[in-house]
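Here are my notes on this one, point by point. Have a look at the model first, then read on.

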Amino acid sequence: MPSSSSLIHGISISVSDDDEATGKVRVRVRRKRSRGPASASARRRRILFRAARLGVPLLLAALAVCLLLYESYRLTPSRSSTLPPPSFADISRLSRNARAADGARKSCLKFLDPEKLQNLELPEIPETNLSMKEVLYRSSLPHIVNDTPPHTENSRFNLFTGYQTLTEREESFKVNFLSIYISMKKSVTVHCGFYNENGGFRVSDVDREYMRSCEVVVATCAFGGGDDLHQPIGMTENSIRKVCYVAFWDEVTRAAQEEEGHTISEDLVIGLWRIILVSDLPFSDQRLNGKIPKLISHRLFPMARYSIWVDSKSQFRRDPLGVLEALLWRSNSSLALSEHGARSSLYDEAKAIVKKHKATPEEVEVQLDQYRRDGIPDEKRFNGKKALAEASVIVRNHAPLTNLFMCAWFNEVVRFTSRDQLSFPYVLRRLRPPGVHLFPVCARKDLVNSFGHKRKVKPLVKDTT
């Protein structure tokens with residue numbers, strides 16, 4: 001017999017065959033669902049939970065998009081390098097805003113107020129305690145013939161550099177600053193480019209006369225096409241009157257820039273830059289040609305007291321006299337450049353150079369072998385600072401001791417690899433000059449806007465016939 005059930009006012013009575021047989025009746029009470037205030041509250045909680053579970057990820061995604069848009073806007077240069085330079089008040093206001101938004105940059109580099117910069121004068125030439133008054137440069141003189149530089153078959157010494165022997169190299173490093181003080185030497189003779197009048201790097205008489213007139217120089221160069229010319233910003237009218245802005249080009253770069261619409265005016269300038277056209281470049285490696293204005297600017301500007309080098313990939317964004325005051329005069333320094341941002345040891349830098357294919361393993365190993373023989377340790381600190389520098393910005397005076405240091409640095413770059421960051425720690429340890437200021441990376445970012453290299457330079461094909 002099938003089971004039956006009846007429902008009376010919420011009471012369900014089920015009867016089965018077994019129940020009838022035993023005379024028992026099973027009664028099950030089914031409770032009604034409460035539809036009071038407690039049930040409505042539970043539903044609201046469930047709805048809020050579901051909304052939160054779906055809404056929080058959407059909110060986080062929206063915040064991430066907003067942050068990316070803000071960073072993109074903040075990092076985009078506000079002015080094209082071809083526009084006229086803004087006023088000093090503009091760049092000061094922008095810099096203050098940037099430092100306020102980025103607390104890590106607040107204490108990097110302190111500049112004088114705009115009013116003080118506007119009236120800033122070059123200091124008097126200080127009296128030096130060291131007796132060396134002059135650096136003499138070797139030129140077409142007989143050199144030792146029974147000693148040859150390493151890897152002679154690949155030597156880059158030529159009529160421009162002279163043929164520095166290993167003996168002459170060692171003699172130049174024995175003339176460190178302590179020995180100068182002790183021996184009371186009046187002069188030192190070193191190789192420093194422009195060895196022979198047929199060595200190359202020729203400029204016109206008009207340009208040469210202009211360079212002789214400069215007392216303070218901001219210099220850059222682009223050979224073989226190279227980078228665009230970034231107009232400097234942030235200078236005072238005082239600096240515009242007193243500072244020479246000089247860009248060295250070759251004919252390849254001039255042609256490339258004219259295609260971009262950047263033509264040299266009749267008075268030989270583009271914007272604030274005075275263009276110096278160089279012919280008969282001495283090296284087939286354009287990186288080496290660039291080391292001439294970068295490292296031995298005192299040979300190009302014989303009357304200058306100070307110079308600031310800026311790599312062609314960067315835009316100089318500060319007042320030059322203010323930079324000299326902040327990095328040299330205030331701390332009584334003679335040479336200032338940035339600490340390296342990624343590495344601290346020249347041996348670590350050598351590994352990175354090989355890994356990034358910026359030099360061959362063989363030529364790097366030749367350089368390191370010589371440095372190990374000369375007792376250069378694998379240390380990451382020197383005089384409390386990083387032992388490795390980044391040389392895209394070089395601020396220096398043109399005093400004899402600084403000129404000697406730069407000549408020795410240039411000779412190392414010619415003898416070994418053209419990576420000047422690899423040879424700087426070596427020269428620093430060998431000569432131990434006073435007044436070298438390695439400033440933090442954040443200060444370098446205060447000095448320049450970096451745009452990276454735009455185009456690959458064309459190597460110079462020299463006529464060997």
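1. Start with Cys221: this residue is buried, with a relative accessible area of 10%. Keep in mind throughout that we're looking at a predicted model.

2. Now the disulfides, of which the structure holds 3. Counting bonded cysteines along the chain, the pairing reads 1-6, 2-5, 3-4.

3. Cys108 and Cys442 make one of the pairs, with sulfur atoms 1.7 Å apart. The S-S torsion here is about -115°, so this disulfide is left-handed. Cys108 sits in the loop between helix 3 (88-101) and helix 4 (114-118), while Cys442 belongs to helix 17 (residues 441-447), which puts the two ends 334 residues apart. As for burial, Cys108 is buried at 13% relative accessible area, whereas Cys442 is partly exposed at 24%; the cut-off for buried is under 20%.

4. Cys192 is bonded to Cys407, S to S 2.1 Å. This link is left-handed too, with -80° about the S-S bond. Cys192 is in the loop between strand 5 (187-190) and helix 7 (205-212) and Cys407 is in helix 15, so the bond ties together parts 215 residues apart in sequence. Both Cys192 and Cys407 are buried.

5. Then there's Cys214 with Cys244, S to S 2.2 Å. A torsion of about -100° makes this disulfide left-handed. The partners are 30 residues apart: Cys214 lies in the loop between helix 7 and strand 6 (216-222), and Cys244 in strand 7 (residues 243-249). Cys214 is buried, with a relative accessible area of 1%, and Cys244 is buried at 10%.

6. On to the packing. The largest nonpolar core counts 64 residues, and Phe201, Phe248, Phe301, Phe405, Trp409 and Phe424 have the most contacts inside it. Helix 15 (residues 400-415) gives the largest share of this core, 9 residues.

7. Helix 14 (residues 361-373) deserves a look. Its 13 residues reach 18 Å from first C-alpha to last, close to the 18 Å expected. Which of its residues are buried? They are Val364, Gln367, Leu368, Gln370 and Tyr371. Viewed down the axis of helix 14, these fall within an arc of 160°, so they line one face of the helix. Glu362 and Arg373, on the other side, are exposed.

8. What covers the buried residues of helix 14 includes helix 5 (166-174), helix 13 (346-355), helix 15 and helix 16 (420-431). Just past the end of helix 14, Gly375 adopts a positive phi of about 80°.

Note on methods: Residues numbered from 1 in each chain as written. Predicted model: local features only at pLDDT ≥ 70, side-chain atom pairs only at ≥ 80, totals over all residues. Heavy atoms only, no water. Core = buried A, V, L, I, M, F, W, Y, C linked by side-chain atoms within 4.5 Å. Buried < 20%, exposed > 50% of the residue type's maximum accessible area, 1.4 Å probe, protein only. Helix = DSSP H or I, 4+ residues; strand = E, 2+ residues; numbered from the N terminus. Expected span 1.5 Å × (residues − 1). Arc of directions from axis to C-beta. Contact = heavy atoms within 4.5 Å. Disulfide = S-S within 2.5 Å.
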